[in-house]
Amino acid sequence: MTMQNLKSRLSIDHVVLVVKNIARTRNFYTKIFGNPNHQSKFFLMYLVGKTKLFLALPYGKLPKNDKFSANRIGLEHLAFGVSSLKILKQISGHLSKTRIAHSGIHIDRHSKKEKIWLNDPDGIRLEFYR
């Protein structure tokens, strides 16, 4: 069997994002996803659908004044799929209620679909996308 045939049997098991401060990160992501499914002093893990989202301190020391940039090699943004406009509206309301700054629902210029974007405390861009 070729990889082309196998790809329909694959899924994203987990994504790991490096963060500067676990407490600050936990406060932010818990407002969105509730309490982490697992945590330690070095990482948090939220189960989002069937995918595990890990937010972890770096293994070594971060470079001085390091910050996220979507214009470097690596992650540009992380998008969570939403099945309906109704759910996207509920997400927008929840973000507003918990005082998380976000773009509000708007149309993506490339796909012409609805989305919301926001930045986490380290500046990592997140999207909720229909």
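Biologist: Which element supplies the largest share of the lining of the largest pocket?

Modeller: In this predicted model, helix H2 (22-33), strand E4 (51-56), strand E5 (78-81) and helix H3 (85-97) each give at least two residues to the lining of the largest pocket. The largest share of that lining amounts to four residues, and the element they come from is E5.

Biologist: How many residues of the lining of the largest pocket are charged?

Modeller: The lining consists of 15 residues, with Phe33, Val48, Phe80, Gly81 and Phe128 lying nearest the centre of the pocket, whose space is about 310 Å³. Divided by class, 11 of the lining residues are nonpolar and three are polar, while the number of charged residues is one.

Biologist: How many charged residues are in the lining of the second largest pocket?

Modeller: The second largest pocket has a volume of about 260 Å³. It is lined by 13 residues, of which Val18, Asp66, Phe68, Arg72 and Ile124 are the closest to its centre. Eight of the lining residues are nonpolar and none is polar, and the number of charged residues is five.

Biologist: Is lysine 115 buried or exposed, and which side chain makes a polar contact with its side chain?

Modeller: Lysine 115 is found in strand E7 (residues 114-119), and because its relative accessibility is 12%, under the 20% limit, it counts as buried. Beyond its neighbours within four places in sequence, its contacts include Leu88, Ile105, Glu127 and Phe128. The polar contact of its side chain, at 3.1 Å, is with the side chain of aspartate 108.

Key:
Residues are numbered from 1 along each chain as its sequence is written. This is a predicted model: local features need pLDDT of at least 70, side-chain atom pairs count only at pLDDT 80 or more; totals for chains, interfaces and linings use all residues. Side-chain values use heavy atoms; hydrogens and water are left out. On a 1 Å grid over the protein atoms alone, a cavity is a set of points where a 1.4 Å probe fits but cannot get out, and a pocket is an open set with protein on both sides within 12 Å along at least five of seven lines; lining residues have an atom within 4 Å of a point. Grid points are joined across faces, edges and corners, and a volume is the space filled by probe spheres set on the points. Ala, Val, Leu, Ile, Met, Phe, Trp, Tyr, Cys and Pro count as nonpolar, Asp, Glu, Lys and Arg as charged, and the others, Gly among them, as polar. Buried means under 20% relative accessible area, exposed over 50%, partly exposed in between (1.4 Å probe, protein chains only). A polar contact is a pair of N or O atoms within 3.5 Å; within protein, one must be able to donate a hydrogen and the other to accept it, and residues adjacent in sequence count only if both atoms are side-chain atoms. Contact means heavy atoms within 4.5 Å.
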